[in-house]
Amino acid sequence: MPTLTYAKALNQALIEEMERDDSVFVCGEEVAKWGGSFTVTMGLLDRFGEKRVRDTPISEEGIVGLGIGAAMAGLKPVVEIMTVNFIMLAMDQIVNHMAKLRYMSGGQVTVPLVIRTPGGGGLQMGSQHSQSLESMFVHVPGLVVMAPSNPYDAKGMLKTAIRDNNPVLFIEHESIYNTKSEVPEDEYFVPIGKADVKRQGDDITIIGHLKMVNVALEAAERLESEHGISAEVIDPRTLAPLDTQTLVQSVKKTGKAVIVQECWPHCSVGTDMACTIMSEAFDYLDAPVKVISSANCPFPYSRQLEQMALPNVGTVIDAVKQMLGK
Amino acid sequence: MQTGEMVKEMSVEELTKLYRQMVLIRRFEEKTNEMYHAGHIGGYCHLYIGEEAVAVGALNALQPSDYVIGAYRDHGHAIVKGCEPKHVMAELFGKATGVSKGKGGSMHMFNREKRFLGGDGIVAGELPIAVGLAYSIEYRGGDEVVLCFFGDGAVNEGGFHEALNLASLWNLPVIFLCENNLWGMGTPVSKASCSIELTERASCYCMRLGKVDGMDVLAVLDTTRRAVKYCRNTRKPTFIEAVTQRFVGHSVSDPQIYRSKDEVAKARQRDPIDTLKNQLIGEGVKRPDELEAIDEDAQREVDDAVEFAMQSPFPDADELCSDVMDTEYFSAETK
């Protein structure tokens, strides 16, 4: 089976879907000639031409509105917003339009628009370029929010996002574009709303998404080899709608849960999952659910400070050991 | 073209249609106001009384396959683009038979089949979407155009400028029609825009600009027809400022402390319905009693719409969370 990077897997998903369906087109800042800031749209311009691979001005509100209008009229746009930080300029279009047009029109209008955008920190990008803002979109009814952690999921999920009838916020992570994994050559899809158990374990459940899946997996390996603790690692993959069943089943088995996220601690994806677990598996819990988040401050530039702001393998191991009294 | 000449050139049917549509909107909005104060209609409710000539003139310049999207003062636009008054009234009543099943309300009338894509409650929110609709037309090689309505307040929003730039940059067939009723809620244009000539605000986007008397339905029709023809042939956007007046408050609950009664009284002297009525009688197109019969017929249609809304059921509880998503998510097994 071939090994692909996360960026290349996404690129393949776009190529396959654009070859299959003429109504799929890509637009965004630097997606055509440049090939995308993170190379995800590399080569598409030559293959599909300017009508279907279109550089836009730096106009986030305009670009998202353009995608909404085109989707309402039956096309399948895949709009790239260079990073999730810039999506703040398009929040009106996303929250007040994309997420609501179906409902406000009594189901007449559908908006099959995919917005791809990467977030995440750890690259010394400073306060305005390091954020993980997926919780904001999870809060809003009417949006599917997907967040793949590895190349296999990235490809299968993007293909599903494009085929689905709903508006999708497709959140990627800036520092995992070059990570690699095996990706099948045959067509496959990862379903919406289906979590994946990335590692089986019995003593504790660790839940993370995007880059934190890798952090959780590394922590689990070290917990096993260094402390004899068997940790189960779950990647929800879709943040909205959330696969609560898979999370709850795991916690019922292990009795303990740690959630790790790059989001800030308040009103976040992680705190919401903790609430779900405590509501639905309270009698099975041996300890309060622990949520590890980024520090409650804007992200700093200095490498030393930034590393302190973000969760890492060490913080996950410490939290698990503390919960297990080791 | 002079509107006097238009009266001579247009057919009786065409002229009668314009008159009837304006009267229908007027009667509809008067009744809406009454029903609001009687407690049948809730929320924000913006009436189109005084501005009828803009929607009627502009929409009659289109083909049925052309797209229309607009702002929140949308009852009239919805009716002229093909929503039945009874379904618009039922929407205002929050009934299951409303155009949007009672989920949209006054600001969110939709009729996808007729290509009326809302009713937008966010100032300038509809402009970028209009550009997307136009992109879809060009993408498929169609010959339709998009008519996008917005108010004078929208020209100060970022979305306005992003949309005009994109439409011009990519040669997209949008007619941007600014309904300048001189007031953004209680703020006059002079206190909101660096120029009171709103065509100037669009003048840097390299598109053809026009300004029209929005109190004259024939002038609006003529200007929009020319814009539509240009847009359809060249596939380029245009901008029209239609200067109009609302005879009532910003919304039904606006006491209008910001403007004088004189201003409103003066505006009412240029009532677009009276103007057309006088032209039709003056040119011998219609007799006064024939126009009165049209008035009565429109009133009957509005009364029937209220009756329909009254008799219609409220939405079932299971409608609350339906239409949020397509919950039949794509999966490979179902492809």
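Let's start with helix α9 of chain B, which runs over residues 217-234: its 18 residues reach 25 Å from the first C-alpha to the last, close to the 26 Å expected at 1.5 Å a residue. Keep in mind that this is a predicted model. Which residues of α9(B) are buried? They are B:V217, B:L218, B:A219, B:V220, B:L221, B:T223, B:T224, B:A227, B:V228 and B:C231. An α-helix has 3.6 residues a turn, so residues three or four places apart point the same way. Just after α9(B) comes B:R235, with a positive phi of about 60°.

Now hop over to helix α1 of chain A, residues 6-20. This one has 15 residues and spans 21 Å between its first and last C-alpha, close to the expected 21 Å at 1.5 Å a residue. Its buried residues are A:Y6, A:A7, A:K8, A:A9, A:L10, A:N11, A:A13, A:L14, A:E17 and A:M18. What do they pack against? In chain A, their partners are the strands β1 (3-5), β2 (24-28) and β4 (76-80), along with the helices α2 (44-48) and α7.

| Helix pair | Angle | Axes apart | Handedness |
|---|---|---|---|
| α2(B) and α3(B) | about 140° | 9 Å | right-handed |
| α8(A) and α12(A) | roughly 50° | within 9 Å | right-handed |

Why call α2(B) and α3(B) oblique? Angles over 145 degrees would count as roughly antiparallel and 65 to 115 as roughly perpendicular, and theirs is about 140°, so α2(B) and α3(B) are oblique to each other. On the α2(B) side, the contact is made by B:L18, B:Q21, B:M22, B:I25 and B:R26, while α3(B) brings B:E52, B:A53 and B:V56. Sorted by class, that contact has five nonpolar, one polar and two charged residues.

The pair in chain A, α8 (residues 211-227) and α12 (residues 313-323), is oblique too. Here A:V215, A:A216, A:E218, A:A219, A:R222, A:L223 and A:H227 of α8(A) meet A:V313, A:V316, A:I317, A:V320 and A:K321 of α12(A). Those residues split into eight nonpolar, one polar and three charged.

So much for helices; here are two prolines. A:P112 sits in the loop between α5 and β5 (114-119) of chain A. Is A:P112 buried or exposed? Buried is the answer, because A:P112 has 24 C-beta neighbours inside 10 Å, and 20 or more is the cut-off. Leaving out neighbours within four places in sequence, A:P112 is in contact with A:A71, A:K76, A:D164, A:N165 and A:N166. A:G67 is 45 residues away from A:P112 in sequence, yet their C-alpha atoms are 9.1 Å apart.

B:P64 lies in the loop between α3 (52-59) and β1 (67-70) of chain B. With 10 other C-beta atoms within 10 Å, B:P64 is exposed, because 12 or fewer counts that way. The C-alpha atoms of B:P64 and B:K261, 197 residues apart along the chain, are separated by 40 Å.

Finally, how do the two chains meet? In total, 40 residues of chain A are in contact with 35 residues of chain B. On the chain A side, α3 (60-72), α4 (91-98), α5 (101-104) and α7 (151-163) each supply at least two residues. Of these, α3(A) gives the largest share, nine residues. By class, this side of chain A has 15 nonpolar, 19 polar and six charged residues.

Note on methods:
Residues numbered from 1 in each chain as written. Chains lettered and ligands numbered in written order. Predicted model: local features only at pLDDT ≥ 70, side-chain atom pairs only at ≥ 80, totals over all residues. Helix = DSSP H or I, 4+ residues; strand = E, 2+ residues; numbered from the N terminus. Expected span 1.5 Å × (residues − 1). Contact = placed C-beta atoms within 7 Å. Nonpolar A, V, L, I, M, F, W, Y, C, P; charged D, E, K, R; others polar. Axes fitted to C-alpha atoms, helices over the stretch in contact; angles between N-to-C directions. Parallel < 35°, antiparallel > 145°, perpendicular 65-115°, else oblique. Left-handed = near helix turned anticlockwise from the far one by under 90°.
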